[in-house]
Amino acid sequence: MEKLSPEFEKPLLKLEKRIKTLELEPEKNRKQIVALKEKLRKIRKKIFTRLTPYQRVQLARHPLRPIYSDYLKLIFSDFTEFHGDRYFADDEAVICGFGKIDEIKCAVIGQEKGKTTSEKLRRNFGMSHPEGYRKALRIMKLAEKFRIPVITFVDTPGAYPGIGAEERGQAAAIANNLREMMTLEVPIVTSVIGEGGSGGALAIAVSNYIMMLANAIYSVISPEGCASILFRDASRASEAAAALKLTSYDLLRLGVIDEIVSEPFGGAHLAPKRQAEILKKNIKKAIAEVEEKGNYSRNRYEKFRKMGKIKIAK
Amino acid sequence: MSLKSENGLWFKCFSCNEILYKNQIEENFYICPKCGNYFRIGWKEYLKILADEGTFRPLFENIRSDDPLEFRDVKKYKKRLKETQKKTSLTEAVKCGTCSVNLQRIAIGILDFAFMGGSMGSAVGERLTLLIEKAANSKLPLVIVSASGGARMHEGIYSLMQMAKTAGALALLAKKRVPYISILTNPTTGGVSASFAFLGDVIISEPRALIGFAGPRVIEQTIRQKLPEGFQRAEFLLEKGQIDMIVTRRNLKDVVSRVLKIFL
Ligand SMILES: [Zn+2]
């Protein structure tokens, strides 16, 4: 895992390792340990108080970053998973079901990247086929039928670009979710927890309230894709990440999300439990806020209707 | 038109190399009379194919792209917009308005690939949303002709949000029971196919048009194999149950008005 950590984290990991070794003989090394811990704190502060957009991209994809299944366990109780789209298959890139967030009953839908190699393959790295979007919509409609709010978690590099996905109507599946979610007469609250990859993310994020973890990203295209198409050079991803304005701070400023959910200093992966507690509190608050306003589908349309920036020519 | 011309009078078909006269192509609905190749055409030609002559009234021309991200790739987005406007005499990648099709008044939007690949940014999304809202409020049947590579990256997340916006407007249109015919032309992919283009009550495609969510190159890179011949072409989509019908340019107008009559 350490090998996969982003480059900018490596000096920190190296220091941590040294401290751990010294701590084997704490009496002998006390002075050195204190000094190194102070050094670690300073370096961490220096890095994390001014992360570049591309560093946030790396944090959003961090191999140790908590994923949907972590939050599912840490935030919800009594979760029952429901499978399948009733047409073709059960897409394991999306986990859907019903559970409770404290006393509130809700439908829970999220994109799951998986942790181990075999899980990642089974979950297709969180990249849905059409049946994943159709399963998600089926559960949303079920939630609407029984007046249960819908909570979604976004973490996907994007919808899967493959032969089967195209044959079975990837574009139609996403388009249909966008239209049907807009009409849903129950609250929809979305958290972007890692990667918000384009249409594949939006297909479960046409919501009344959208929050984003501080180091999550949400973009029309991956920085690598943008770099290779527009800059004609895939190695310029860091530049593209800055140009695309894909961080939570950018998106709040652009009015596309409602709130930034703070992360423990150094990133969510350093304290997953605390991260889940913070997120849980925010989700509960968001459900209450959306319910208070009512008029779910109309307010949702008005929210998205305003998005974009145009000029009126004379 | 993606046709090579020496003097504007005659063209060479890039598919079969036949030398063709301009009026010969126009009379043949911009299809090569020798090999049947569909030439890429713009909004004007589609309007000529679909609308009764002289009935088009443009709408929302004053809605223009801004540059919300102050974006630049190899050149500034602002500059690219200006140059494209000059080159294409279009103000944006979609032309909207009302017109008659065999005397039936409709609301029409035509994406033009010549304007930054028909890509959808805020202005395209806004024009189409206004058009859909107008169709809903005036109970005008809606026809949208798509030709697009997808969302316009230069406007970042705002481009993505136009997908939700146009899809949401179409939900309103459906509620008012106003018919919407979506016509897919070569190519229709990405954020355009995954929003309004695939939400038609009836989806018609031109023969051979490339239609899909992901572009073929991205798929080939992902699965590391060559795609089969005809993959993501209109005929393939018809076979897979993704579209209602394939219609030639010659028959397009009559089929559109026949389909509208079913629902009106
Ligand atoms: Zn030819």
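Two strands pair if DSSP finds at least two bridges between them, and strands themselves are DSSP runs of at least two residues (E), numbered from the N terminus. This is a predicted model, in which local features need pLDDT of at least 70 and side-chain atom pairs count only at pLDDT 80 or more, while totals for chains, interfaces and linings use all residues. Residues are numbered from 1 along each chain as its sequence is written, and chains are lettered from A in the order in which they are written.

By these terms, six bridges join strand E4 (residues 150-156) of chain A to strand E5 of chain A, the two running parallel, and Val150(A) stands opposite Ile188(A) in E5(A). Strand E5(A), which spans residues 188-197, is mostly covered, with ten of its ten residues buried (20 or more other C-beta atoms, placed from the backbone, lie within 10 Å of a buried residue's own). E5(A) also runs parallel to strand E6 (residues 209-213) of chain A, to which four bridges join it, and here Thr190(A) faces Ile210(A). Three bridges link E5(A) with strand E7 (residues 217-219) of chain A, again in parallel, and Gly196(A) has Tyr218(A) as its bridge partner in E7(A).

On the scale of the whole chain, the domain assignment, which is automatic or from a database, divides chain A into domain 1 (2-50) and domain 2 (57-305).

Notes:
Buried ≥ 20, exposed ≤ 12 C-beta atoms within 10 Å, placed from the backbone.
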